[in-house]
Amino acid sequence: MRLLAADIGNSNTGLGLFEDDVLVGSWSAETDPRATDDELAATVTGLLALDGHRLDDVDAAALACVVPPLVARWTRMLA
């Protein structure tokens, strides 16, 4: 199982991709509270692709977010 974990902070967003219990990739990007669903998808897809991973291969996601407007956008983007 592949789990994408996102820590969405006021300044930066940290991403980690786990295969079972092993961290197989981690990335960081600037948090933009105005980012659209499409912009978030482009950013996450691009970061995953840096190490040969695909968003389509993610089975589950865990979000920790202190930017309320982004919770629904991330949820829609990941669905």
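Contact here means heavy atoms within 4.5 Å. The model is predicted: local features need pLDDT of at least 70, side-chain atom pairs count only at pLDDT 80 or more, and totals for chains, interfaces and linings use all residues. Residues are numbered from 1 along each chain as its sequence is written, and side-chain values use heavy atoms, with hydrogens and water left out.

**View 1. Phe-18 and its contacts.** Phe-18 lies in strand 2. Helices (H or I, at least four residues) and strands (E, at least two) are DSSP runs, numbered from the N terminus. Leaving aside residues up to four places away in sequence, Phe-18 touches Met-1, Arg-2, Leu-3, Ala-5, Leu-23 and Val-24. Phe-18 counts as partly exposed because its relative accessibility is 26%; buried means under 20% relative accessible area, exposed over 50%, and partly exposed in between (1.4 Å probe, protein chains only). Glu-39 is 21 residues from Phe-18 along the chain, and their C-alpha atoms are separated by 23 Å.

**View 2. The largest pocket.** About 160 Å³ of space lies in this pocket. It has 14 lining residues, and the closest to its centre are Glu-30, Thr-31, Asp-32, Leu-40 and Thr-43. A pocket is an open set of points on a 1 Å grid over the protein atoms alone where a 1.4 Å probe fits, with protein on both sides within 12 Å along at least five of seven lines; lining residues have an atom within 4 Å of a point. Grid points are joined across faces, edges and corners, and the volume is the space filled by probe spheres set on the points. Strand 2 (12-19), strand 3 (22-30), helix 1 (37-49) and helix 2 (68-78) each supply at least two lining residues. Helix 1 gives the most, with five.

View 3. Glu-30 is found in strand 3. With a relative accessible area of 69%, Glu-30 is exposed. Beyond residues up to four places away in sequence, Glu-30 touches Ser-11 and Asn-12. Gly-14 is 16 residues from Glu-30 in sequence and 8.8 Å away in space, C-alpha to C-alpha.

**View 4. The buried side of helix 2.** Leu-70, Trp-74 and Met-77 are buried in helix 2. They lie on the same side of helix 2 because they cover an arc of only 65 degrees around the axis. The arc is that of the directions from the helix axis to the C-beta atoms. An α-helix has 3.6 residues a turn, so residues three or four places apart point the same way. The cover over the buried residues of helix 2 includes strand 1 (2-8), strand 2, helix 1 and strand 4 (60-65).

**View 5. Salt bridges between elements.** The structure holds five salt bridges, each a side-chain nitrogen of Lys or Arg within 4 Å of a carboxyl oxygen of Asp or Glu. Glu-19 pairs with Arg-2, the closest N and O atoms being 2.7 Å apart. Glu-19 is in strand 2 and Arg-2 in strand 1, so the pair ties together parts 17 residues apart in sequence. Asp-37 and Arg-76 also meet in a salt bridge (2.8 Å, N to O). This pair links helix 1, with Asp-37, to helix 2, with Arg-76, across 39 residues. Asp-37 is partly exposed at 22% relative accessibility, and Arg-76 is partly exposed at 49%.

**View 6. A salt-bridge network.** Arg-54, Asp-56 and Asp-57 are linked in a network of salt bridges. Within it, the side chains of Asp-56 and Arg-54 meet at 3.1 Å, N to O. Asp-56 is exposed at 63% relative accessibility, whereas Arg-54 is partly exposed at 47%.
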